[in-house]
Structure formats: structure tokens, C-alpha cells
Amino acid sequence: MILETNNNSMAGSKSRLANDSGVTSPRNQKNKPSDMELMKEKFAKLLLGEDMSGGGKGVSSALALSNAITNLAASVFGEMKRLEPMPAERKAKWKKEIGWLLSVTDHIVEFVPCKQTSKDGTNMEVMVTKQRSDLQMNIPALRKLDAMLIDCLDGLADQSEFSYVSKDDESPDGKNSREDDKWWIPTPKVPLNGLSDPMRKWLQFQKDSVNQVHKAAMAINAQVLSEMEIPESYIESLPKNGRASLGDSIYKSITEEYFDPDYFFTTMDMSSEHKILDLKDRIEASVVIWRRKMNAKDGKSSWGIAVSFEKREIFEERAEVILLILKQRFPGIPQSTLDISKIQYNRDVGQAILESYSRIIESRAFTIMSRIEDILQADAMARNPSNGEVKRPLSDKEEVGKLNSAMTLLDFIGWTPDQEDNNTKKDLKKEDATKYVDTKIPCKPHNIVTNKRFSYLENLGMCRSPTARH
């Protein structure tokens, strides 16, 4: 009996080990939830605001949808350590579940006038509903950008010219000996003579294409964030004036009679991600303060008489130029305090979907470009083994600084939306700022020393968008 019991326990442990190692039992496959059950579960969590107790302590619908899109991207794509096609199962899961979440936008509508002719021939004007204009314009564009990234990875299905070093490979050519800040990423391995010319040209073309996707997603994300309302909690945390926010040295540089952005950046310490983000937070806070004072929304100004409206407007424009340059030079820095606060307290479901969807596309594009750069660098090293250090192909941080690109977003997605009349002034301001940057600022960025990978997913709590911390 004892032997029988031991044998049964051993058989049970073997069965459990088999299941733990990835062997699925017929029972698990039989009980696999259907698409309908998965959709019910997903939307139940959204309706409950992630509070499964049903006590009404959940987050808003906008933030719940933002979290759901961010979490889905993290579970499907992960860190993307290798440049390889997506497995068919994960690709199908992404297309199916992101379609569910984006379907909410089909029911976000606005009233527009429409002419109708009655049976007796009378013309009348009635109000009808159509999808909200910002969603009608941006959702199809983001879907196209998303499909372009998937197609880029699918194009690698039959390639055999590069691979990745295994952790167990102890050969001289196989040791995973990264000396840069991406030590956890596998090292690419190319032939001794480097990649073939067609493969090298194809990779460079894919990098250029993904770079355009990155720029387009970043532009949409920035536009959506700029239209979100600034939370009262953020406004209450601001200091009384711009000098207190910037500090004496930065404030003096911006408010001098002659302002040179190039010289301004030479006086700033941009050696780490933390310092760049701190500068961005300070500049954004000062812009909010100055705008509120110019709009006469803040009656507590202690220095409103000392600084004229015209000067304050000049200071605000200079600060916006600095923010534009930071965005172009360092596209991979985490989101600022203002952006995270906007996402957390936003109540517009349409804006929440646009922001989260564009953010994850931007992050994926940046990651794919980094993986392509790794392979191109390994190819350059193989073709020039005598050089101790081979010039790395231009990174996205450098390419984003090139405002005049040979290829445009319209070339890739064939998308030509009409500009809204109420956005004309904003566009003119941005155009003026861009021209100013073109003439005054060199495109080459400062070197950044950092020990972590640039990722919006990491900045927003690994797999989550900002939520109210419990």
C-alpha cells in the first residue's frame, strides 16, 4: 500500500511538472474561454473601473480604457528583445482585443447639421450624429501606423542573415558581452563579412519607415495631450511665479534681453535622463503659470505689475521653444509630471484612447528602431573589424532632430485630413517655433548617460497607465 501511494504521488507530481513545463491537458483546452466570454470579462472590468468588488471605488472609464490598452500592449509585445516576426497567436490576440477596445470610439459621436428633403419636396436642416471629428481623423491613421509596424516585423520571416547570441554560447563569437547601457538585450550575430547589400538596404529602409511611424505617433500623442485639461491638483501644486519654478539661473537665461537657445542648452546639465526630465518639468510648470497670468485667471500674482503682458508673452514663447527642442532631441524621455497628471485625471474617453494607443505605437516604433540599429552596428563592426569603435548608425534621437525629412507621413499612410479652423493659430505658432529651431539649433543631441531603457511603458508603472495610487 505504501508503495502504491508513493507511486501515485510520484505520478501526480510528474503530471503537475508536465503541465508546469507547458504541456496542456485536454481538460484545459476544453475549458478555454470563448471570445465572447473574454470580451464580457474585459468590458466588465472597464465598467467596474478595475474595482472588482463593485464598491464604486474604481477609476474613471477613461483611465480604465487607457490602462486596458497599455496592459494589452505590454502582455502581447513585452520588451521585444529581438527583431523577429510576431507569433501568429499573439498577433491574432492583439488585432482582436485592440479592436474590441477601439470599438468604443465608434459610439462617441457629435451632432452636425444635415439637409434633408421631405416627401413633399420641402428642404429642411436637421441635426444628425457622426463620429467625433478627432477620432474620425486619428483612429484610422493610428491603425495604419500599427499595421505598418506589424508588417515590418513580418518581413523578417524568411531572413537567415542575422541571429542572436544564446546565453549558453561560450564561443569567442558567441559571448553576450554588451558594454553599453542595454546589457539585458541579446547581442545580434551577423556573418563574418557582414550583411549582404540587399539585406542592409532593406533594413535601412525599414528603419526609415519606422522612424516616420514614430514621428507620426509622437505628433498625435503630443497633440492629444496638449488638448487635455490641466488638473486642478497640478495647478494647486505650482509655485506662485515662474522664477520660483525655474530657479534663478534658468529664469535669468530665459528673461534676458537677448535669448539664444543654443547657448541656453550649453549652460544646462543634460548628462542624465533625470536631469533632462527635471528641466522639462520646470519649463512646463513655468509655461502654465505664465499662461494663467496672461489669461487673468490667477489673481494672486505678486509680481504682475513688475512684468508686463508683452514680456510675459515673450518668456512663454521662449519656454515653448525650449520644450520643442527637448522633444526633438530626446524623444525617448519619460512623460513629464504634467502629462502624467493629465492622463490620470482625464475624463474624456476619446482622448484617453487616442493618447494610450498613440503612446504604445510610439514606444514600439522606438524599440524596433533600436533593434535595427543594433543589427546595423554589428554589420558595421563585421565589415570594419580593424576599427576599435565604429560609428553607430544615426539613432532616432538624432534623426528626430532633422525636421526636413526626405519622406513624409503622407507618403506612408496616404492621409490628408483638412485642418480645423480653430487650430490655425496653434499651427502658425508651431510653424514659427520650428523655423526658429531650424535656424538656431544644431540637430545633433547631447550624449545621455543612463542605465535604463527608454520606454513609456516603464515610466507609467511597467504595464499600467498612471492611476490613483492606493
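User: Are W290 and F315 buried or exposed?
Analyst: This is a predicted model, in which local features need pLDDT of at least 70, side-chain atom pairs count only at pLDDT 80 or more, and totals for chains, interfaces and linings use all residues. Residues are numbered from 1 along each chain as its sequence is written, and side-chain values use heavy atoms, with hydrogens and water left out. Buried means under 20% relative accessible area and exposed over 50%, with partly exposed in between (1.4 Å probe, protein chains only). By that rule, both W290 and F315 are buried.

User: What kind of aromatic pair do F162 and Y164 form?
Analyst: Rings of Phe, Tyr and Trp (its six-membered ring) pair if their centres lie within 6.5 Å; planes under 30 degrees apart count as stacked, over 60 as edge-to-face and the rest as tilted. The structure holds five aromatic pairs. In the pair of F162 and Y164, the ring centres are 6.4 Å apart and the planes stand at 85 degrees, so the pair is edge-to-face.

User: What kind of pair do the rings of W290 and F315 make?
Analyst: The ring centres of W290 and F315 are 5.9 Å apart. Their planes meet at 50 degrees, so the pair is tilted.

User: How many residues apart are W290 and F315?
Analyst: Helices (H or I, at least four residues) and strands (E, at least two) are DSSP runs, numbered from the N terminus. W290 belongs to helix α12 (residues 273-294) and F315 to helix α13, and the pair links distant parts of the chain. The separation between W290 and F315 is 25 residues.

User: How far does helix α13 reach from its first C-alpha to its last?
Analyst: Helix α13 covers residues 309-329, which is 21 residues.

User: How many of the 22 residues of α12 are buried?
Analyst: At 1.5 Å a residue, α12 should span 32 Å, and its end C-alpha atoms are 32 Å apart, which agrees. The helix is mostly covered. The number of buried residues in α12 is 16.

User: How far from the ring centre of F265 is R329?
Analyst: A charge sits over a ring if NZ of Lys or CZ of Arg is within 6 Å of the ring centre and within 35 degrees of the ring normal. F265 forms one aromatic cluster with F259 and F264, and R329 is among the buried residues of α13. R329 lies over the face of F265, and its distance from the ring centre is 4.9 Å.

User: Which residue has its charged end over the ring of F77?
Analyst: F77 lies in helix α4 and is buried, with a relative accessible area of 7%. Contact means heavy atoms within 4.5 Å; leaving aside neighbours within four places in sequence, F77 is in contact with M86, R90, W94 and R364. The charged end that sits 4.0 Å from the ring centre of F77 belongs to R364.

User: How are α5 and α15 oriented, roughly parallel or roughly antiparallel?
Analyst: Axes are lines fitted to C-alpha atoms, for helices over the stretch in contact, and angles run from 0 to 180 degrees between N-to-C directions. Angles under 35 degrees count as roughly parallel, over 145 as roughly antiparallel, 65 to 115 as roughly perpendicular and the rest as oblique. Helix α5 (residues 88-102) and helix α15 (residues 349-383) pack with axes 11 Å apart at about 155 degrees. That angle makes α5 and α15 roughly antiparallel.

User: Which residues of α15 meet W94, I98, L101 and L102 of α5?
Analyst: This is the contact between α5 and α15. On the α5 side are W94, I98, L101 and L102. On the α15 side are I353, Y357, I360 and R364.

User: At roughly what angle do the axes of α5 and helix α6 cross?
Analyst: Helix α6 covers residues 133-154, and its axis comes within 13 Å of that of α5. The crossing angle is roughly 175 degrees.

User: What is the relative accessible area of K91?
Analyst: K91 is found in helix α5. It touches M86, I150 and D154, not counting residues up to four places away in sequence. K91 is buried, and its relative accessible area is 18%.

Note on methods. Expected span 1.5 Å × (residues − 1).
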